[in-house]
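Dear colleague,

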Amino acid sequence: MTGKATGMTAPHRDQVDRLIREALAARQRAYSPYSRFRVGAALLDEAGEVFVGCNVENASYSLTLCAERVAAVTAIAAGSLRWRMIAVAAEGGATPCGACRQFLAEFHADLAVIVVDAASGLWSNHSLRELLPHAFGQDSLGVSQPQSD
Ligand code: THU
């Protein structure tokens with residue numbers, strides 16, 4: 001699979017390849033009958049576990065869940081809060097939407113984000129801080145660690 005790294009230090013290639021494979025596979029499971037736009041995400045945590053997600057749409061459109069947030073809540077529900085990298089696969093290589101950037105930043109403000117074009121396999125490497133500069137977060141509230149209760 002071809003790729004190009006931009007910006008931050010390139011993550012390990014074998015981890016990137018694994019995450020890209022998982023994101024592409026999750027994308028096949030997208031439930032997107034309204035937009036017909038399939039998105040898959042794969043999140044790698046510091047322990048080496050991978051959690052995947054796909055977009056899940058609904059006839060009540062605003063209930064739609066993005067692939068990134070499905071992967072994130074899957075990790076959280078499994079007890080994983082320390083993350084290393086997320087890969088997002090979509091036709092044309094879409095970057096995470098603003099809501100997903102904010103959601104992910106709650107847990108890792110500088111998460112590595114691999115954006116994968118599902119058609120070509122080309123990918124690029126970003127950081128969440130680059131995608132969501134001047135983020136609102138725990139610092140703004142005077143909180144230093146994610147609070148579980
Ligand atoms: N979508 C994602 O899953 N992730 C994004 O970051 C952007 C958009 C989904 C939501 C919807 O099901 C479809 O793509 C079209 O917006």
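**What was found**

Valine 88 counts as buried, at 1% relative accessibility, and its place is in strand β4. Please bear in mind throughout that this is a predicted model. The C-alpha atom of valine 88 is separated by 4.4 Å from that of alanine 41, although the two residues are 47 residues apart along the chain. Leaving aside residues up to four places away in sequence, valine 88 touches Val39, Gly40, Ala41, Glu68, Ala94, Pro96, Ile114, Val115 and Val116.

**The chain as a whole**

The protein chain has five helices and six strands, and along the sequence these follow the pattern β-α-β-β-α-β-α-β-β-α-α. Of its 149 residues, 40% count as buried. Among the contacts with a separation of 6 or more, 60% are accounted for by residues 24 or more positions apart.

Helix α2, which covers residues 67–77, has Ala67, Glu68, Val70, Ala71, Ala72 and Ala75 as its buried residues, and these pack against β2, β3, β4 and α3. Just after α2 comes glycine 79, which takes a positive phi of about 95°.

**Around the ligand**

The residues around the ligand are Ser35, Phe37, Val39, Asn55, Glu57, Thr64, Cys66, Ala67, Glu68, Thr95, Pro96 and Cys97.

**Cysteines**

The structure holds zero disulfides. Cysteine 66 is in no disulfide, and the nearest cysteine sulfur, that of cysteine 100, is 3.8 Å away. Cysteine 100 is likewise in no disulfide, the nearest cysteine sulfur being that of cysteine 97, at 3.8 Å. These distances matter because a disulfide is counted when the two sulfur atoms are within 2.5 Å. Cysteine 100 is buried, with a relative accessible area of 0%.

**A buried aspartate**

Aspartate 45 lies in strand β2, residues 39–45, and is buried yet has no salt bridge, with the nearest side chain of opposite charge, that of arginine 84, 7.2 Å away. What does the side chain of aspartate 45 make a polar contact with? The partner is the side chain of serine 80, at 2.8 Å, and a polar atom of the aspartate 45 side chain also lies 2.9 Å from the backbone nitrogen of alanine 47. Not counting residues up to four places away in sequence, aspartate 45 touches Phe51, Ser80, Arg82, Trp83 and Arg84.

**Salt bridges**

A search of the whole structure finds four salt bridges, and I describe some of them here. Arginine 13 forms one with aspartate 17, where the closest N and O atoms are 3.1 Å apart; because the two residues are four apart in helix α1, they are separated by about one helical turn. Arginine 13 is partly exposed at 42% relative accessibility, and aspartate 17 is partly exposed at 24%.

The side chains of arginine 27 and glutamate 91 also meet in a salt bridge, at 3.9 Å from N to O. That pair links distant parts of the chain, since arginine 27 is in helix α1 and glutamate 91 is in the loop between β4 and α3, 64 residues apart. Arginine 27 is buried, with a relative accessible area of 12%, whereas glutamate 91 counts as partly exposed at 49%.

Glutamate 46 and arginine 82 meet through their side chains in a further salt bridge, at 3.2 Å from N to O. Glutamate 46 lies in the loop between β2 and β3 and arginine 82 in the loop between α2 and β4, so the pair ties together parts 36 residues apart in sequence. Glutamate 46 is partly exposed at 40%, and arginine 82 counts as exposed at 59%.

**Two positive phi values outside glycine**

Arginine 36 has a phi near 60°, a positive value in a residue other than glycine; this residue sits in the loop between α1 and β2 and is exposed, with a relative accessible area of 69%. Histidine 134 has a positive phi of about 55° although it is not a glycine; its place is in the loop between α4 and α5, and histidine 134 counts as exposed at 82% relative accessibility.

Terms used:
Residues are numbered from 1 along each chain as its sequence is written. This is a predicted model: local features need pLDDT of at least 70, side-chain atom pairs count only at pLDDT 80 or more; totals for chains, interfaces and linings use all residues. Side-chain values use heavy atoms; hydrogens and water are left out. Buried means under 20% relative accessible area, exposed over 50%, partly exposed in between (1.4 Å probe, protein chains only). Lys and Arg count as positive and Asp and Glu as negative; His and the chain ends are not counted. A polar contact is a pair of N or O atoms within 3.5 Å; within protein, one must be able to donate a hydrogen and the other to accept it, and residues adjacent in sequence count only if both atoms are side-chain atoms. Contact means heavy atoms within 4.5 Å. A residue is near a molecule or strand if one of its heavy atoms lies within 4 Å of it.
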